Amino acid sequence: MSDHFFVVTGGPGAGKTSLITELARRGFHTIPESGRAIIREEMARGGDALPWADRMAYAERMLERDLRAYEDAQALSGPVIFDRGIPDIVGYLTLCGLPVRPHVAAAAKAARYNVRVLLAPYWDEIFTQDTERKQGQAEAEATCAVMRETYIALGYEITELPRADIATRADFVCARLAI
């Protein structure tokens, strides 16, 4: 387990990436979400490893990228904040009604993060859609619930982020990390 690896998870549009950006500004090592990067790459090349096309291929691409990011982060000292973790792929597959293949489940069990996982709850006031985030409110709320259940099933403890401005959320995270 990498006790200095912390995950921020939740549904789409809950402010995870904005929080990660603020934590990076404060000097933390941060790892961006792989999903958005894959969507941009697939759209640019006309690929179909997309959440609205080939969901299994999309999940496999996320796993590949997240495993590489996890491995690369081993060289970093101090806290490392991940915008989603490998268990999010298990949650994604579950949400989509797709099978969680054995290698995906094994990766989620082997690549451990700090037991304290930060969950950004669905927040209607900040939720937006864009060309990469096409989920509606119901799917965003369901995603948050599935991520909570997935991480708990894998032995993590969930700490819910407050529905507050970015600076307050970042202060909350810093206090939880005892920094």
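Buried means under 20% relative accessible area, exposed means over 50%, and partly exposed lies in between (1.4 Å probe, protein chains only). Keep that handy for this tour of a predicted model, where local features need pLDDT of at least 70, side-chain atom pairs count only at pLDDT 80 or more, and totals for chains, interfaces and linings use all residues. Residues are numbered from 1 along each chain as its sequence is written, and side-chain values use heavy atoms, with hydrogens and water left out.

**Stop 1: two helices**

Select residues 55–73, helix α3, and then residues 87–96, helix α4. Helices here are DSSP runs (H or I, at least four residues), strands are E runs of at least two, and both are numbered from the N terminus. The axes of α3 and α4 come within 10 Å and cross at roughly 170°. Because angles over 145 degrees count as roughly antiparallel, α3 is roughly antiparallel to α4. Axes are lines fitted to C-alpha atoms, for helices over the stretch in contact, and angles run from 0 to 180 degrees between N-to-C directions.

Now show the side chains on both helices. Contact means heavy atoms within 4.5 Å; on the α4 side, I89, Y92, L93 and C96 make it, and on α3 the residues include M56, Y58 and L63. The contact residues divide into nine nonpolar, no polar and two charged. Nonpolar covers Ala, Val, Leu, Ile, Met, Phe, Trp, Tyr, Cys and Pro; charged covers Asp, Glu, Lys and Arg; the others, Gly among them, are polar.

**Stop 2: two cysteines**

A disulfide is a pair of cysteine sulfur atoms within 2.5 Å, and the count is zero. C96 is buried at 19% relative accessibility, and C144 is buried at 8%.

**Stop 3: salt bridges**

A salt bridge is a side-chain nitrogen of Lys or Arg within 4 Å of a carboxyl oxygen of Asp or Glu. The model has 13 of them.

Pick D171 and R26: their closest N and O atoms are 2.7 Å apart. D171 sits in helix α7 and R26 in the loop between α1 and β2, 145 residues apart. D171 is partly exposed at 44%, and R26 is partly exposed at 30%.

Next, go to R101 and E60, which meet at 3.3 Å, N to O. R101 is partly exposed, with a relative accessible area of 36%, and E60 is partly exposed at 24%.

Note on methods: Parallel < 35°, antiparallel > 145°, perpendicular 65-115°, else oblique.
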